[in-house]
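Please keep the sequence and the model in view while reading.

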Amino acid sequence: MQRLFTGLQPSGALHIGNYFAALKPMIELSQEFPDSMLMVADYHALTSLKDAAELRANIIEVGRDFLAAGVDPQTSIIFKQSDVPDHTELAWIFQTLVSVPFLQQAHAYKDKVAKGLEANAGLFAYPMLMAADILLYDSDIVPVGADQRQHVEYAREAAAKFNHAYGETFKEPRERILDAIATVPGTDGKKMSKSYGNTIPLFGSKDEIAKAVMSIVTDSSGDKPENVYAIHKLFRHGESLENLYAEHKGSYKTLKEALIEDIDALVAPMRARHEAITDEEVKLILVKGGERARERAQTKMAAVREVIGVAI
Ligand code: TYM
């Protein structure tokens with residue numbers, strides 16, 4: 001039995017890039033792999049978010065998003081990272097195994113430094129916390145977008161370094177990145193990202209979706225509006241998509257209106273569920289999930305403490 005694991009940061013409202021790369025595959029594959037785990041990466045978010053009220057609200061919101069999108073808490077464990085202290089403990093152990101130059105190559109850190117921004121030590125060590133998230137549960141498959149590929153490679157490297165130093169303890173996980181959704185573009189054609197302000201919110205109202213779609217930057221040089229099409233192909237496929245673009249060639253407004261309808265058709269039922277899920281329900285599911293995750297993590301950490309020599 002293969003175990004799936006993925007995490008999302010509670011750093012703002014989820015967007016359609018998060019959904020297609022991480023949430024949708026988790027939902028689809030959890031039928032086949034009922035032992036999957038979905039984590040709210042709240043300690044990762046702390047590297048950029050310093051407002052307690054906002055973080056608290058975001059954690060609940062992301063938990064609600066998971067449920068509304070269709071993750072079943074019976075088949076998948078939904079939990080938050082900070083409820084399982086073994087993650088930060090294992091991250092520390094991995095930090096003692098990897099070198100500073102190795103961590104300096106991490107994109108998230110490099111990008112921040114390249115922009116002249118100060119990176120905190122947490123951001124620097126970020127890949128080792130993510131390695132701990134994944135490896136603690138002997139995860140096999142990690143569904144993510146292309147921007148997380150390097151982080152999963154880092155997790156493999158942490159596993160290999162640990163196994164080399166202390167004997168075979170961790171599995172080397174594989175990322176699962178589908179070509180079609182590897183990098184979902186935003187309204188400006190760049191990667192969709194909360195920090196670029198170019199997102200289409202997953203749980204936005206129809207008006208919010210319409211506003212985002214209407215703001216998609218169009219380029220009239222080719223025979224179709226590439227930025228609109230790139231997003232549209234996530235929602236409509238094959239002939240139906242091609243026919244639509246052939247029929248309305250040059251009519252960008254009509255194509256955008258069709259995109260709004262197609263997004264809304266997917267989102268409307270999720271939005272309805274979203275509105276019905278209370279904060280209390282989300283908290284309860286996170287607490288229960290945290291207990292189940294902690295049980296698994298503690299067994300693994302007992303073995304880790306033993307092999308590294310701190311259990312006496
Ligand atoms: P985060 O919170 O930035 O993003 C969550 C997931 O959404 C994917 N994603 C995208 N995919 C395609 N196109 C886009 N425009 C796009 N934007 C975001 C991300 O690749 C990710 O899969 N470090 C992780 C969270 C994390 C994690 C983990 C993931 C913490 N521990 C363990 C997997 C396993 C992050 O910041 O994702």
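The lining of the largest pocket receives at least two residues from each of β1, α1, α6 (107-114) and α7. Helices (H or I, at least four residues) and strands (E, at least two) are DSSP runs numbered from the N terminus. With five residues, α7 provides the largest share of this lining. A pocket, on a 1 Å grid over the protein atoms alone, is an open set of points where a 1.4 Å probe fits, with protein on both sides within 12 Å along at least five of seven lines; lining residues have an atom within 4 Å of a point.

The model is predicted: local features need pLDDT of at least 70, and side-chain atom pairs count only at pLDDT 80 or more, whereas totals for chains, interfaces and linings use all residues. Residues are numbered from 1 along each chain as its sequence is written, and side-chain values use heavy atoms, with hydrogens and water left out.

The largest pocket holds about 1400 Å³ of space, a volume being the space filled by probe spheres set on the grid points, which are joined across faces, edges and corners. Its lining comprises 44 residues, of which Gln9, Asp147, Gln148, Lys191 and Ser193 are the closest to the centre. By class, the lining has 20 nonpolar, 17 polar and seven charged residues; Ala, Val, Leu, Ile, Met, Phe, Trp, Tyr, Cys and Pro count as nonpolar, Asp, Glu, Lys and Arg as charged, and the others, Gly among them, as polar.

The ligand takes up the space of this largest pocket; a molecule sits in a pocket if more than half of its atoms lie within 2 Å of the grid points. Around the ligand are 28 residues, the closest being Gln9, Tyr126, Asp133, Asp147 and Val184 (a heavy atom within 4 Å counts as near). This shell divides into 15 nonpolar, ten polar and three charged residues.

A polar side-chain atom of Asn18 is 3.0 Å from a ligand oxygen atom, and a polar backbone atom of Gly145 lies 2.8 Å from an oxygen atom of the ligand.

Methods: Polar contact = N/O pair within 3.5 Å; in protein donor to acceptor, adjacent residues only side chain to side chain.
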